[in-house]
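These are my notes from going through one structure. I wrote each entry as I looked something up.

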There are 2 protein chains.
Amino acid sequence: MKNVDGHHLTERGIIGELRRIFNSPPPPAGMGDDCSVIGKGPGALLLSTDMLSESTHFVAGMTWRERGRMAVSVNLSDIAAMGGRPVALLISLGIPPDMDATAVRRVAAGIAERAAEFGVPVTGGDTKRTGELTIAVTAVGRAGRRLLTRGGARAGDWIAVTGSLGGAAAAYSAWKEGRRGRPLTALTSPEPRVREGMALSDSGMVTAAIDITDGLAASAWYISRASGRRLEISRELIPVSRALEESGADRDALEEALIYWGGDYELLFTARTRRSVDELAARLETPLTVIGRVGAGSGVYLNGERRRRLDERGYDAFQAMEAAEGRN
Amino acid sequence: MKNVDGHHLTERGIIGELRRIFNSPPPPAGMGDDCSVIGKGPGALLLSTDMLSESTHFVAGMTWRERGRMAVSVNLSDIAAMGGRPVALLISLGIPPDMDATAVRRVAAGIAERAAEFGVPVTGGDTKRTGELTIAVTAVGRAGRRLLTRGGARAGDWIAVTGSLGGAAAAYSAWKEGRRGRPLTALTSPEPRVREGMALSDSGMVTAAIDITDGLAASAWYISRASGRRLEISRELIPVSRALEESGADRDALEEALIYWGGDYELLFTARTRRSVDELAARLETPLTVIGRVGAGSGVYLNGERRRRLDERGYDAFQAMEAAEGRN
């Protein structure tokens with residue numbers, strides 16, 4: 001998309017503009033967080049909406065079923081990021097004229113299957129004719145014991161992540177090299193961390209959380225800005241996915257994938273004590289790894305052989321598309 | 001869209017299939033109603049989602065601003081149909097690569113303007129790159145004193161509508177004849193009956209309601225099926241919009257437009273007493289007109305020079321597109 005001067009706008013630029021046009025005052029948890037929040041305290045309503053479309057969000061190797069599953073996963077991840085329990089899904093399915101009914105059924109089956117795996121009913125929606133397959137999902141959730149926002153990190157908190165990072169980046173590389181099947185799982189069948197998010201909320205010890213689908217650096221920056229604190233991350237503590245480790249990427253490419261590439265459906269969070277992270281880890285199957293500390297000040301820093309301030313950038317759907325034009 | 005046998009599927013056919021796939025038990029008010037309902041009683045949560053896309057839902061004469069406005073109106077109408085008070089809007093905006101920033105801003109301004117007119121904050125959303133302009137809106141509402149569903153009509157109730165019918169059909173004809181501007185208002189700038197819906201709910205006397213964007217016959221059939229009652233409508237009582245009356249359509253075309261064409265954002269409802277309709281009318285600026293009675297039995301009948309059972313058909317976005325293929 002070009003702006004009036006012919007320059008390309010980034011997604012963040014557009015969202016910033018739209019927020020001004022919509023005149024949304026940033027509420028306690030508003031457009032800046034993964035969900036909109038209505039009400040207060042445990043049980044407050046969480047709403048997330050996301051639209052995926054054929055030309056932008058699905059890689060060519062994905063099955064119809066995976067397309068449906070992913071549309072649900074994206075939204076469940078937003079509920080998870082705020083520690084919520086998903087309670088309902090609404091689906092708007094945009095179906096192009098030349099799509100055959102079997103394919104539509106498979107997309108729907110993928111949606112239904114994913115929803116059922118997380119015990120969430122599909123309570124409404126509609127179908128529309130559109131120029132390309134478009135799946136818009138709205139997920140409704142209820143806040144847990146503590147509503148997790150991006151704005152609660154305090155100096156002295158510990159920074160941790162669920163799972164490992166870089167799996168989606170490695171899968172994308174594999175896909176570009178023409179590999180298909182299992183190596184792409186991280187890209188085509190992401191696992192939203194719903195149970196993990198609920199456990200973080202219920203612990204009462206987690207002060208801020210976000211999903212890192214935009215990339216680790218971008219997500220850490222969101223927390224840093226919303227909390228008004230500095231995040232210090234140790235390079236050697238970041239859990240690297242096996243697929244990325246084995247990808248043969250050189251040091252720089254690996255770090256770019258780990259820090260700036262997005263697509264991993266993991267949670268980045270801050271907790272008051274190291275012990276609370278350990279206690280949470282003991283209750284979950286998914287590994288939790290402490291990767292740093294919150295301090296006074298601002299910005300996001302990576303400590304390793306050399307300490308540096310991370311760029312405030314990450315996975316941007318618009319830029320990625322500019323780069324990948326002609327993919328397929 | 002073709003089904004496996006090469007036949008064309010209607011929207012209703014697809015929704016029926018998807019409902020089976022999603023395995024949604026029809027809840028007290030579920031996929032069949034205009035909104036999904038979460039919770040019970042006054043204050044229950046109403047959720048509506050609708051997706052509009054460039055190739056299907058916008059006529060060529062519409063401005064960008066009108067496109068944004070309409071996406072909001074469609075969803076507010078669903079909240080209105082259940083007697084709810086809209087409390088929040090979530091917007092997913094799909095922006096094609098070649099759309100310029102000024103146009104995007106105008107769409108967003110239309111959304112913001114419409115939301116503000118009804119006092120509803122835009123609390124969240126996202127932007128995505130898509131192949132064509134796509135606006136998916138989720139409206140959140142709270143139930144009023146009485147939740148209005150399609151299923152509450154009882155024998156002896158009075159059937160009434162807000163406003164007048166056929167305006168959208170007349171505007172569509174005008175548009176096909178190449179006319180632009182004011183004659184198209186009913187099509188390009190529909191007025192959702194939010195205040196009216198809230199008044200119906202608060203009266204405590206309204207037993208069922210629906211918006212008639214799918215057409216009068218289809219909407220009456222929805223109430224008939226959901227309530228297990230027969231609807232008897234008097235042809236001469238139906239309030240005909242001035243635009244349709246002056247359109248020069250012959251008798252048959254006029255009746256087709258009035259009964260089967262959709263696009264009018266009016267409410268069809270049933271009330272316990274005629275007096276309650278009059279009392280409501282006295283409190284609203286929008287006219288309310290009694291057009292018939294509910295009886296025991298099933299089906300929808302039109303009484304006039306000759307009595308006949310109305311077909312269970314109406315405006316179908318999929319069929320309309322088949323018919324209008326190649327339009328502009």
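I began with handedness: the crossing of H3(B) and H7(B) is left-handed. A crossing is left-handed if the near helix is turned anticlockwise from the far one by less than a right angle, and right-handed if clockwise. Helices (H or I, at least four residues) and strands (E, at least two) are DSSP runs, numbered from the N terminus.

I noted where this comes from: the model is predicted, local features need pLDDT of at least 70, side-chain atom pairs count only at pLDDT 80 or more, and totals for chains, interfaces and linings use all residues. Residues are numbered from 1 along each chain as its sequence is written, while chains are lettered from A and ligands numbered from 1 in the order in which they are written.

Next I looked up the geometry. Two packed helices are described by the angle between their axes and the distance between the axes. Axes are lines fitted to C-alpha atoms, for helices over the stretch in contact, and angles run from 0 to 180 degrees between N-to-C directions. Helix H3 (residues 64-81) and helix H7 (residues 194-203) of chain B have axes that come within 8 Å and cross at roughly 15°. That makes H3(B) roughly parallel to H7(B); angles under 35 degrees count as roughly parallel, over 145 as roughly antiparallel, 65 to 115 as roughly perpendicular and the rest as oblique.

I listed the residues that meet. H3(B) brings B:Leu76, B:Ile79, B:Ala80 and B:Ala81, and H7(B) brings B:Val194, B:Glu196 and B:Gly197. Two residues are in contact if their C-beta atoms, placed from the backbone, lie within 7 Å. By class, the contact of H3(B) with H7(B) has five nonpolar, one polar and one charged residues. Ala, Val, Leu, Ile, Met, Phe, Trp, Tyr, Cys and Pro count as nonpolar, Asp, Glu, Lys and Arg as charged, and the others, Gly among them, as polar.

I then followed H7(B) to helix H11 (residues 274-283) of chain B, where the angle is about 135° and the axes are 11 Å apart. H7(B) and H11(B) are therefore oblique to each other. Their crossing is right-handed. B:Ala199, B:Leu200 and B:Ser203 of H7(B) meet B:Ser276, B:Leu280 and B:Arg283 of H11(B).

**A loop glycine**

I found B:Gly166 in the loop between strand S6 (158-162) and helix H5 (167-176) of chain B. Is B:Gly166 buried or exposed? B:Gly166 is buried, with 28 other C-beta atoms within 10 Å. A residue is buried if 20 or more other C-beta atoms lie within 10 Å of its own, exposed if 12 or fewer, and partly exposed in between; C-beta atoms are placed from the backbone. Not counting residues up to four places away in sequence, B:Gly166 touches B:Val240, B:Ser241, B:Leu244, B:Ala257 and B:Leu258.

**Chain A**

I counted 12 helices and 12 strands in chain A. Of its 328 residues, 55% are buried.

I looked at helix H5 (residues 167-176) of chain A, in which eight of 10 residues are buried. Among them are A:Gly167, A:Tyr172 and A:Ser173. Their cover includes helix H6 (185-188), helix H9 (242-245) and helix H10 (251-259) of chain A. Just after H5(A), A:Gly178 takes a positive phi of about 90°.
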